[in-house]
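Subject: Structure handover

Hello,

The structure is pasted below for your files. Notes on its cores and on one of its strands follow.

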Amino acid sequence: MKDDELERPQGLKIRQGIQDAMTYSLPEKKFTPSEIDLVEVNITLPDLGKNFVNYRILNLTDVHLGQWVNPEYLSDLIDYVNTLNFDLATLTGDYFSYVLDGYEDSLKDSFKKLKAKDGKFGVLGNHDHWMGAEKIRKLFKESDIVDLSNDVCVLSRGEDKLNLAGVDSSTVCADNLDKVLAKLDDCPTVLLAHEPDFANESSQTGKIDLQISGHSHGGQFIIPKVETTPFRGPNSTKYPVGLYKIRDMMQYTSKGLGTNSFRIRINCNPEITIITLKSDKRQRIKIE
């Protein structure tokens, strides 16, 4: 589907105006590590090879550059992320909201300096398509990010393998799960999917072990003690925040970095996620 064939939000220009108004009227948001949640999650994958045990996947999602997140904030955040311990970086969509012009170079510079030992991989979100998917894919390439939209990369460590897969945004009907399934190797699979409710489809295949998503921003408001949100938008109604098990598949939804429409978060800090993979196999320790 071409960008000019997409059905964009009817109030796009109004939302662009709201974004501009918030950007220029509210104080600059400064990055402070204490005001962001560094969430560490251990997830067990069936038949995970011993060489991928304790493998650490960093996930950043929903930057929405130009609203809550300004260029300086993102640059400082990436500097902080580069001090963390992880093997691979994943990006799960919505890098812009309703305004792209003037922010492309800032996003490229920040993503380019993001360091990951085993590479950087990303998929697109619905906002990225509304702003121009090909522009985002070009930015990916210039930032050394592998575009995993409807694609698979097989990672290898010794004799062990891990599928890292991705689907394009289901909100704009750009997803093609059949294409992904045809490329999977016979090993555990981690799927990047911007919209968390895509888990309803991916979990039915029996071939996906973990789906990592964003899109919801955690609702930008989380009910204390209940740890969920009443504000659930399209494609994030069932799995809006945190960890879920759907059939035999695990699903994790990050609260993301930015905000959409309203620059506010209540009991719902921005999030950097590190997922550590575990095995359900008992490891035999050789004693000499």
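Contact here means heavy atoms within 4.5 Å. This is a predicted model, in which local features need pLDDT of at least 70 and side-chain atom pairs count only at pLDDT 80 or more, while totals for chains, interfaces and linings use all residues. Residues are numbered from 1 along each chain as its sequence is written, and side-chain values use heavy atoms, with hydrogens and water left out.

Beyond its neighbours within four places in sequence, Leu 77 is in contact with Phe 31, Ile 36, Leu 257 and Ile 272.

A nonpolar core is a set of buried Ala, Val, Leu, Ile, Met, Phe, Trp, Tyr and Cys residues joined through side-chain atoms within 4.5 Å. Buried means under 20% relative accessible area, with exposed over 50% and partly exposed in between (1.4 Å probe, protein chains only). The largest such core has 37 residues, and Leu 77 and Ile 272 are among those with the most contacts inside it. Helix H4 (126-142) is one of the elements that give it two or more residues; H4 supplies the largest share, six residues. Another core, of 23 residues, lies apart from it and includes Val 39 and Leu 164.

Helices (H or I, at least four residues) and strands (E, at least two) are DSSP runs, numbered from the N terminus. In strand S8 (residues 189-193), five of five residues are buried. Thr 189, Leu 191 and Ala 193 point one way, Val 190 and Leu 192 the other.

Two strands pair if DSSP finds at least two bridges between them. S8 pairs in the parallel sense with strand S7 (residues 160-167) over five bridges, where Leu 164 stands opposite Val 190. Strand S9 (residues 210-213) also runs parallel to S8, joined by three bridges, and there Leu 210 is the bridge partner of Val 190.

Regards
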